Amino acid sequence: MTLAAPVSPHHRTPELLAPAGSLAMLQTALAFGATAVYAGQPRYSLRVRNNDFGSLDVLRAGIEHTHAQGKKFYLVSNIFPHGNKTQSYVKNMQPVIALKPDAMIMSDPGLIMLAREAWPEMEIHLSVQANTVNAAAVKFWSKVGISRVILSRELSLDQVAQIRQDCPDTELEVFVHGALCIAYSGRCLLSGYFNHRDANQGSCTNSCRWDYKTHAAQVDVSGDVLSPQRSGHDYGQGSTVPAEAQQSIAYLLEESQRPGQYMPIEEDEHGTYVMNSKDLRAIEHVQRLVEIGVDSLKIEGRTKSPYYVARTAQAYRAAIDDAVAGRALNPELLGQLEGLANRGYTSGFFQRHTPEATQNYLRGYSESGRSLYVGDVLAFDTKRGLAQVNVRNKFAVGDRLEIIHPAGNVDAMLTRMENADGTSMDVAPGSGHTVWVDLPEAAVGAFVARYLADEPVAAPSTTVFDMA
């Protein structure tokens, strides 16, 4: 069965935009195929934690490295600021702008106005936080000097195509991979409500992903919801509510770190709002997005690891190149992304129903290609003929490994392992250890993953370097 019809090989190549929360992550993204990266300072972007770019020296090094590669660096300044931050914004950002980022990603109209006045030559991209969902809004932002609009995640492919048709002169960017919020493009109040850390000021604690249990409790005669203890009934998670009680109960959430604090689950005419979305994976839609003429495909995840950005950048680089060349999606790429830590994948709002052909390769290749990140290859000892690996997760002699390298990926069967003293080992016990294994010198700088499937896995088609 043909999985996808080939596209015309005459489409232009969209930018692949990858996240950077550290200099190592930035360098990895560019090495594995990203053509642009985005990073932000903690004070003015929506990522405070795991963000090394608060240092001007780190920011300078990142911008210089990116430009030396002939690629672009976008500075995220997409906070929704309160008054004190608007007063200091231009002064604080002056030395940052002097480092010459290629564009600023912004969402607040006030900050955009200040930036246009202070740096009229600086290119500005409108953040997804601005929730742009129609062509009229794109035209409005274009008239006030915005060169690129990052469209809301809540749009379908057909809606993106319509905006592209109606706004041919404005660059469009869409997210294709990463975490999704149970909120409109991330405008969420949960974190601020639970522990006074405002997601819209960059301090999101991912409250939607905490461990919650459900309880059922009675509603008293005044309509107030009683706690399970006060009501005398706690049916608990997974239990059955008696039929005679179903008309007088309410459902409550209890977070594992806050025992005894019960939060009602409320429902309106649209339904019940449930927390914690699956993660976005739209690699199967890259072909259509290329056909539409989207200018930039964006990966979410500035707080993730270098391994995450290596995997995602490499996979989407291959998908983009295949689409532009008129080749169908290589289904092995889905299996590679399946190996990343995720909460299950969804294609979000891009398509209401998954086509039958897509279902086939989603199901068939996700399992056979699953792998677990187990280490980083740091160096090679020519006397011992072994490579030094910084262990991230447990692996053992006899495991089938995937070596993930900017030059291409290959599979290898692990047959020998030693510690620093040369003592033979069978198992690398986990994070915090260093071992020496029989991988070649060409593997230095690579990430190592262990296949989880029992059946043999063919080397990915991206293999280009010799592991002999």
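## Two helices side by side: α3 and α4

Helices α3 and α4 are roughly parallel to each other, because their axes cross at roughly 25 degrees and angles under 35 degrees count as roughly parallel. This description, like the others in this report, refers to a predicted model. Helix α3 covers residues 83-97 and helix α4 covers residues 109-118, and the two axes come within 10 Å. The crossing of α3 and α4 is right-handed.

On the side of α3, the contact is made by T86, Y89 and V90, while α4 contributes L111, L114 and A118.

## A second pair: α1 and α10

Another pair of helices is formed by α1, which spans residues 23-31, and α10, which spans residues 306-325; these two pack at an angle of about 15 degrees, with their axes 8 Å apart. That angle makes α1 roughly parallel to α10, and α1 passes α10 in a right-handed crossing.

Which residues of α1 and α10 make the contact? From α1 come A24, M25, T28 and A29, and from α10 come P306, V309, A310 and A313. The residues of the contact of α1 with α10 divide into seven nonpolar and one polar, with no charged residue among them.

Is the residue R311 buried or exposed? With a relative accessible area of 0%, R311 is buried, because residues under 20% are counted in that way.

Leaving aside residues up to four places away in sequence, R311 touches Q336, L337, L340, S371, E402, I404, N409 and A449.

## The chain as a whole

Looking beyond these helices, the chain has twelve helices and 24 strands. It is made of 468 residues, of which 52% count as buried, and R311, with its relative accessible area of 0%, is one of the buried residues.

The accessible surface of the chain comes to about 21500 Å², and 50% of that surface belongs to carbon and sulfur atoms. Among contacts between residues at least 6 apart in sequence, 69% join residues that are at least 24 apart. The contact of α1 with α10 joins residues such as A24 and P306, and the touching of R311 and A449 is another contact between residues of this chain.

Notes. Residues are numbered from 1 along each chain as its sequence is written. This is a predicted model: local features need pLDDT of at least 70, side-chain atom pairs count only at pLDDT 80 or more; totals for chains, interfaces and linings use all residues. Side-chain values use heavy atoms; hydrogens and water are left out. Helices (H or I, at least four residues) and strands (E, at least two) are DSSP runs, numbered from the N terminus. Buried means under 20% relative accessible area, exposed over 50%, partly exposed in between (1.4 Å probe, protein chains only). Contact means heavy atoms within 4.5 Å. Accessible areas come from the Shrake-Rupley method with a 1.4 Å probe; for residues, only the protein chains shown count as cover. Axes are lines fitted to C-alpha atoms, for helices over the stretch in contact, and angles run from 0 to 180 degrees between N-to-C directions. Angles under 35 degrees count as roughly parallel, over 145 as roughly antiparallel, 65 to 115 as roughly perpendicular and the rest as oblique. A crossing is left-handed if the near helix is turned anticlockwise from the far one by less than a right angle, and right-handed if clockwise. Ala, Val, Leu, Ile, Met, Phe, Trp, Tyr, Cys and Pro count as nonpolar, Asp, Glu, Lys and Arg as charged, and the others, Gly among them, as polar.
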